[in-house]
Amino acid sequence: MRAWVVDRPGPMATGPLVRVERDVPEPGPGEVLVRVEACGVCRTDLHLAEGDLAPRRPRTTPGHQVVGRVEGSGERVGVAWLRSTCGRCRYCLRGAENLCPDSTYTGWDADGGYAEYVVAPAGYVYPLPDDVPAERLAPLLCAGIIGYRALARCDLPPGGRLGIYGFGSSAHLTAQAAIAQGATVHAVTRSDASRELALELGAASAGDRPPEPLDAAILFAPVGDLVPPALEALDRGGTLAIAGIHLTDVPTLNYERHLFQERTLRSVTANTRADGRAYLELALAHPPRVATTLYPLEEAGRALADLAADRVSGAAVLVVD
């Protein structure tokens, strides 16, 4: 089968992603073999390729927003970031499996969806409908699910004012969910195309800074320098949730300017399967507009390079022919 692997992590200009031919993997006990139809391109894949996220194994195939069909049954399923948990630790037992110390992840601990086939544990795939294009479903499996958890973590009050910093794949889905709940959304992004998309989707503003104090904010951009201004933009009692797996260093915070008046700073770590099921149920019942830029599997390197250069509006998706 055709597949891509991270050979030598480094800047995209150095070509860290390499195309290879591999044997089709064989599923083990409790696993399914999925023929890939489409795979979303996530910033986490970029962090792995460029070395910001330390590889856990050599020559791993990235990709964790996989839509495909189970070989043998033909069932349409989604393969997402969370691949397995122990099910026994105190975190799993209290419903916080996203914090399981023994958790593993698709496209990091095991090969992912930048390939024609992927193997996944049957208990961690999501059933998907047959009548929705694969490229529309793929971004829901990480961008949508993580955004859903980030929205819960930022404690946005009903009808509140939400700031979204960075407006890519996850942000454009999260904004729609928040607006549907009655929130006023302000997008903070440097990309003209992303500003235009944010306004098309119903954001009240899209620019360099929010025009009013915020009740809550989500930081999707992996830029630590944005943390102080995002905290400073919060109203009293506001919460900033950081949604990425990687963030550059956060500058020194001033207690009075950034944290006093009960402002809260939180991280978001992966998701639980309950998050995934809840979000997918919501998204399939009330489909969001999914803005996609499509690439053939053969152009996975270009897709990641475009993401690195902020040339993607919405979500980038690899399509397997």
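Predicted model: local features only at pLDDT ≥ 70, side-chain atom pairs only at ≥ 80, totals over all residues.
User: How many charged residues are in the lining of the largest cavity?

Analyst: The lining divides into four nonpolar and three polar residues. Gly144 and Gly147 are among the lining residues, and Gly counts as polar. The number of charged residues is none.

User: Is helix 4 roughly parallel or roughly perpendicular to helix 9?

Analyst: The axes of helix 4 (residues 143-153) and helix 9 lie 9 Å apart, and the packing angle is about 105°. Angles of 65 to 115 degrees count as roughly perpendicular. Therefore helix 4 is, relative to helix 9, roughly perpendicular.

User: Which residues of helix 9 make the contact with helix 4?

Analyst: The residues of this contact include five nonpolar, two polar and two charged. From helix 4 come Gly144, Ile145, Tyr148 and Arg149. From helix 9 come Asp275, Gly276, Ala278, Tyr279 and Leu282.

User: Which helix gives the most to the lining of the second largest pocket?

Analyst: This pocket has a volume of about 190 Å³. Helix 5 (169-180) and helix 9 (273-285) each supply at least two residues of its lining. With four residues, the helix that gives the most is helix 5.

Key: Residues numbered from 1 in each chain as written. Heavy atoms only, no water. 1 Å grid on protein atoms, 1.4 Å probe; cavity = no way out; pocket = protein on both sides within 12 Å on 5 of 7 lines; lining within 4 Å. Points joined across faces, edges and corners; volume = space filled by probe spheres on them. Axes fitted to C-alpha atoms, helices over the stretch in contact; angles between N-to-C directions. Parallel < 35°, antiparallel > 145°, perpendicular 65-115°, else oblique. Contact = heavy atoms within 4.5 Å.
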